Structure formats: C-alpha cells, structure tokens
Amino acid sequence: MKRAAILVVSLVLQLPRLATARDAIPSATIQITPFGAPVGQTPLISARNSRLYLFDDRTNRLFICDGSGRVLKTTGSIGDGPGQFFKPSAMVTSAHSVVIYDRGNSRIVVLTLDGDFKSQFPIKTQLYNIAAGDDDTIYINDPSSGHLITALDINGRMLRSFGDLSSLSVLHHTSNQTRDERFHLTANRVRLAVDKSGRIFAVFMIAPVIREYSRDGTLIKEAGFDDANAHQLQELFWHKDPNLPITSGIIDGNQVPFLVKDAAVNPATGQLVVLTALSKLLIFDGNCKEASVLEIKGAMDSQLWKMAVEDRSIWLVRVFLPGTFHGEIPEPQSLPSLAAKQTH
Amino acid sequence: MQFPRGRLYWMLLVVLLVVTFASSMSIYFRRPYSGSIEQSTGRKISTLSVKDEITGDKVVIPSKRLTFLFYYNLSSPQNLQDITYAAYLLKTQHPNDVGFVVVTGGHFQQLEQMRREKILPFPLIVDSSFSIARQLTIPNTADRSFIIRQDGTLLFAPQKEAFGPEDIRELYELYTHGNITYASGPPSANEIIGKPFPNILLKELHTNRQSRLFDIASPGDSQLLIFTASCPACTLESFLRGWKGEFRAAKTIPIITSRVPEIELRQIISNSGISSPIYMAQSEIQGIEDLYFDFGAKEGSVLLISTNKSGVTQRVEALP
C-alpha cells in the first residue's frame with residue numbers, strides 16, 4: 001500500500017516535467033546561403049552518395065553534381081523519347097535509381113544514379129510526389145485509387161496499394177464535416193519518403209499529421225506534429241493569423257496553403273526531415289517523434305519549396321524568385337539539450 | 001385519294017425521330033471535348049481546313065514542313081506571353097517552312113486584338129464547334145501544344161502543359177537545326193558589368209513617343225530598372241503597384257522587356273493607375289534579358305542596373 005502511494009505521488013510529480021519535456025524539443029537556427037547551382041532554375045533536387053541531382057525543368061535537363069555544385073554529368077532534353085522530359089514535377093533518388101515524374105509526358109522515368117535510362121511507364125493520374133525504396137519499389141500517392149499509397153515496380157506493375165484515406169475534419173480534429181467531400185482528394189495528398197529499411201513515411205500536405213508504414217503496407221503509427229508546430233500550422237491552414245506567410249496552390253481543384261512542402265529521409269542518418277510552411281525543418285526520430293526543430297534563416301524563407309538532405313548538408317530550392325540554397329544541419333550535441341530547455 | 005391515317009402517324013414519327021437525332025448530334029458535336037487525351041506523338045491527324053477569325057483567310061493545318069499549334073482553352077497572361085515569344089521567333093527567324101497557329105476554345109479578346117493589330121503575325125482560329133479539340137483530344141479544362149509534320153504526323157504532343165518560350169525556342173532549334181543550344185554554364189551578372197549598356201529604342205506607353213534610352217536617361221545619375229521575369233505579365237502588376245510610380249524620385253527609368261505583350265502591359269499600367277513614364281523596350285535587350293535565366297531568376301524578377309556617365313554598366317542588383 002505504501003509502495004503504491006509512493007508510486008502515485010511520483011507519477012504526479014513527473015507530470016509537469018513530462019509536459020515541459022514535450023514542449024522543449026531541441027531547436028536551433030539554420031542559416032542558408034546561396035548555392036552555386038549550375039542552372040538558374042532547379043525546382044527538383046535530391047542528394048545521394050555525395051552527389052547532388054538537380055533537375056532544371058526549364059530546359060528539361062538533369063545535372064549530376066558534386067557537393068560543391070561542380071557538374072559531373074548533364075543528361076536529358078525536351079521531348080518524349082527515352083531519356084527526354086517535358087516539365088517534370090517530382091524527382092527522388094534511391095540506392096540504385098533516380099526516379100522522375102515526367103508530368104508533361106504523363107509518365108514515370110527511371111534512370112541509373114549515373115543518369116542513364118533504365119525504364120519508363122505511363123501514369124494517367126495526377127501526382128504531387130513520389131518516393132523510391134532502396135529495393136527500387138516506387139511509391140506514389142494516388143488517393144483516387146481508394147488508398148493513400150500505391151507501390152509499383154520500375155516497370156509500373158502494381159505491387160500493392162495500402163493506407164486508409166482520411167478526411168479534412170479528422171486530420172484537423174474538427175467536428176465540421178461540411179468540407180470533407182470537397183477536400184476528399186486534397187486532404188489525402190501526402191509527401192512520401194522511404195528509409196533504408198523500407199519503412200514508408202507519409203506526411204500530409206495540408207495537415208500536421210504523419211503516418212509510418214512497414215514495407216508490406218501495415219500502418220505502424222499515425223502521429224501529429226509537436227503541439228506548438230501543429231497549432232501554428234493549423235492556424236495557418238484556417239487563416240487564423242493573417243501575418244503568417246503562406247505559400248498556397250491548387251491541389252485537386254482546391255486552393256490551399258501547403259503546410260508541408262517536402263519530406264525526405266536523410267540517407268546518412270535515416271532520420272525523416274520535413275520542410276514546413278513556417279520555414280522550419282522538423283527532424284523526426286525513428287519513432288515518428290520530433291527530435292529537433294531547425295528554424296531556417298535566409299532569403300525569402302516562405303518561398304522555400306523543395307529540399308535535398310544528406311548527412312549534415314541540406315539544400316533548399318526557392319520558388320517564385322528561384323534559387324538554390326545550402327545550409328549545414330547542426331550536430332545533435334550542439335543543439336540545446338532537453339534539460340537545458342527545461343530549466344530555461 | 002385519301003392518305004391512310006396510320007401511315008401518316010408513322011411518317012410523322014419517323015420525321016420527328018430524324019429531327020431529334022440530327023439536333024442531338026448537332027448539340028453533341030458542338031460540345032467541348034471532355035474525353036481523355038488520346039492523340040500522342042507519332043499519331044497522324046487529318047488535314048484541318050479552317051478560317052482565321054480576324055482576317056477570314058482560309059487556313060490549312062498542316063500546310064508547312066512543320067507547324068507549331070497552340071490550343072488554349074484558358075485565357076491567361078502566361079498564354080499571351082508564350083504566343084508573344086512565338087511571334088518574336090517568327091519575326092526574327094523568318095522561317096519559310098515553319099508555321100505557327102493559335103487555336104482557342106472560345107473568344108479571347110486580347111488575342112483577337114493582338115491579331116487585329118498584327119502583333120500576332122500568324123493565324124488565330126476560334127474553335128467554336130470544338131472540332132479541332134475533338135480531333136486533337138484536348139479536354140476543355142486544359143491547354144495543349146503540338147508540333148505537326150506536313151503529312152499530319154504529330155512529332156511532339158505532350159499530354160499535359162503547353163509550350164513556354166524556352167520550349168518553343170528549343171523545339172524550333174531542334175526541328176530546324178537538328179540540335180539545341182543551351183547557355184553555357186551559369187552566366188553571371190558580372191559579365192555585363194564594365195560593358196556599355198545598349199542604347200536601346202524605347203516607347204513611352206502613355207505618349208507612344210519613341211526615343212533612345214540615353215536621350216532620356218542621364219548616364220551617371222540614372223538607374224535602369226529592367227523587368228525580366230519568366231512571365232512578366234503575370235507578376236508586373238503587383239510590382240508596379242508596389243512602386244506607386246515613384247520611379248522619377250528614385251532617378252530610375254522603368255523599362256519593361258519587349259517580351260511582355262504590349263496589349264497586356266497597357267492593361268496592367270491602366271490597372272496600376274501609374275501616370276509617370278513607363279518605357280517598353282522595342283527589341284530584345286541583348287545580354288540583359290537572358291539574365292533572367294541566371295542572376296535575375298535566382299535573386300529577383302527585376303534588375304536594377306546602374307550606369308556611369310559614359311553609359312557603362314557599373315552595378316547589377318536584383319530586386320525581390
């Protein structure tokens with residue numbers, strides 16, 4: 001009885017500390033500077049094996065560079081033949097491939113990491129994002145299929161389709177369901193990323209919600225962002241704070257602010273990195289919990305749109321006034337510690 | 001002779017059915033195309049014989065070795081910009097064997113005015129019956145562009161997205177010269193520093209008076225503001241509104257690239273309520289406009305260029 005009483009008291013004493021700990025995710029500022037990209041307009045970017053892949057959608061060419069931006073190889077041109085492109089809108093790299101959503105030609109093109117043609121297949125549906133596993137499985141987000149994620153092989157054969165669809169009201173924890181039907185597809189648009197072990201992360205584009213699936217499509221976890229970040233993003237979505245910067249666009253016919261602009265797994269650390277509308281990089285640990293928050297400082301932060309990450313380096317692409325920027329992710333030990341935050 | 005009443009009823013019924021069928025067919029064939037995109041590269045289309053909406057001239061598509069066909073269902077500044085570039089290419093390259101034609105899925109006032117004023121030097125077709133949209137399988141919510149060989153073969157028919165200026169330039173080079181030239185490496189604004197700024201011909205848009213740049217600018221105490229975005233027509237209005245016509249106070253001469261459709265530019269100036277002089281370049285500003293694709297594009301859509309008393313470029317700055 002005495003032991004039980006002590007346990008209860010101990011738990012009560014721990015509660016405020018746990019709450020403080022949840023609020024005190026290590027955070028830092030990351031300064032980004034213009035990166036000497038070989039092309040003026042590089043909306044698509046990915047990094048792998050110390051190489052940077054930049055796709056210039058103005059000239060439909062892929063530039064393979066070293067980390068300093070020195071061009072190692074250029075490939076691609078305008079057209080619809082093998083190795084040609086017309087206004088691609090998504091690109092990702094895996095251990096063996098560069099996968100490009102060639103939007104203008106309604107197809108997915110797979111290249112080797114050296115930029116040589118491997119395969120291509122038609123995609124009739126509209127995509128906003130793709131991901132690729134190291135086993136060359138390609139993941140697309142096509143909610144019109146009835147599932148959140150569809151897995152394809154490099155020849156376009158469907159391997160599996162998984163992930164229950166959600167709704168605007170569920171994602172934003174509101175009882176108002178009046179917009180659910182109109183936002184049926186929009187609400188289920190996700191940024192996809194795959195880690196080395198084949199786990200698939202789906203980060204909702206218009207809600208601060210993240211899902212983790214196993215390679216076979218089993219839902220492992222659904223989690224919200226940290227309260228503070230989630231709250232700010234929800235405020236932004238519902239236009240509650242007119243001072244918050246907004247990058248919006250049309251998704252499936254609905255004009256919406258993009259809360260989550262990009263998501264990628266750092267190939268070196270395996271951590272999921274999410275670029276949010278509030279010029280913040282959220283870094284998640286293996287349990288889908290925010291491990292750290294990096295506030296981006298640089299030019300026109302709200303226009304940052306895509307990113308590539310490898311090891312401590314991060315490259316960010318800005319839209320509207322296009323530009324490529326580079327920053328260094330701080331060492332985890334240099335971030336303010338949880339304990340320091342708590343005492344602060 | 002009396003006509004049997006039963007037979008009369010049958011005849012009336014048949015006539016009624018024929019009329020109903022004909023009218024529903026007529027309605028069907030005048031509906032916008034809403035099917036899927038079928039026509040793709042390599043397929044062949046039959047010859048289209050249509051009329052220019054403004055001149056009334058008969059237009060046969062395709063009639064030249066190569067035809068660039070732009071089909072617009074949506075009226076947008078970007079489309080005007082793209083067509084203006086095609087017109088610029090036609091005027092500067094004078095290709096005899098390459099034709100351009102723009103087809104619209106409705107009446108687009110600005111394009112029609114451009115054609116009337118001969119700013120658009122190639123045929124404008126209004127596809128009122130949507131027969132071209134059906135033949136080329138263009139859904140009424142999309143724009144598409146095509147390159148068509150003289151025998152009707154579609155040489156390039158992207159499923160989505162219309163050709164932009166750089167696409168038109170590259171495809172023109174590819175199909176006429178066999179290869180595409182790209183700017184070598186990332187050009188830099190530094191390349192124009194220390195070089196004389198071209199004494200370009202300008203037109204002031206309120207008075208329509210033409211003059212050379214250095215007749216109106218005092219080299220050394222003036223700065224030149226050059227608008228070089230990928231789609232100036234899309235972003236110019238907000239930029240001009242931001243300046244509120246305070247160019248004179250800033251000793252700055254606003255020069256808008258010749259790539260902006262003049263008709264659109266006049267509308268933007270009118271909407272912005274700016275009464276101070278605004279100049280439009282009468283030709284491409286050599287060595288400057290391409291800065292958009294490197295320096296300008298990276299840092300801003302507007303370039304602020306300072307010259308010294310001899311008209312030599314001293315500084316290039318991009319404005320956000």
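Here are legends for a few close-up views of this predicted model.

In this predicted model, local features need pLDDT of at least 70 and side-chain atom pairs count only at pLDDT 80 or more, while totals for chains, interfaces and linings use all residues. Residues are numbered from 1 along each chain as its sequence is written, and chains are lettered from A and ligands numbered from 1 in the order in which they are written.

**View 1. An open sheet of four strands in chain A.** The strands come in the order β7-β8-β9-β10, with antiparallel pairing. (Strands are DSSP runs of E with at least two residues, numbered from the N terminus; two of them pair if DSSP finds at least two bridges between them.) At the edges stand β7 (90-93) and β10 (117-122) of chain A, and each has a single partner strand, so one side of each is left without a neighbour in the sheet. On average, neighbouring strands here are turned by 15 degrees against each other, direction ignored; the axes behind that angle are lines fitted to C-alpha atoms, and angles run from 0 to 180 degrees between N-to-C directions.

**View 2. Strands β8 and β9 of chain A, with their loop.** Look for Asp102(A), which sits opposite Arg107(A) in β9(A). The loop between β8 and β9 holds Ser106(A), a non-glycine residue whose phi is positive, near 50 degrees. Ser106(A) is buried, with 21 other C-beta atoms within 10 Å. (Buried takes 20 or more other C-beta atoms within 10 Å of a residue's own, exposed 12 or fewer, and partly exposed is in between; C-beta atoms are placed from the backbone.)

**View 3. Cys288(A) in a loop of chain A.** This loop runs between β23 (280-284) and β24 (290-297), and Cys288(A) is in it. Phi of Cys288(A) is also on the positive side, near 65 degrees. Is Cys288(A) buried or partly exposed? Cys288(A) is partly exposed, with 18 other C-beta atoms within 10 Å.

**View 4. A cis peptide bond in chain B.** The bond from Ile61(B) to Pro62(B) is cis, with omega near -5 degrees. Pro62(B) belongs to the loop between β2 (58-61) and β3 (66-72) of chain B. For background, most peptide bonds are trans.

**View 5. Around Trp315(A) in the largest nonpolar core.** This core has 159 residues, and those with the most contacts inside it include Trp315(A) and Phe70(B). (A nonpolar core is a set of buried Ala, Val, Leu, Ile, Met, Phe, Trp, Tyr and Cys residues joined through C-beta atoms within 7 Å.)
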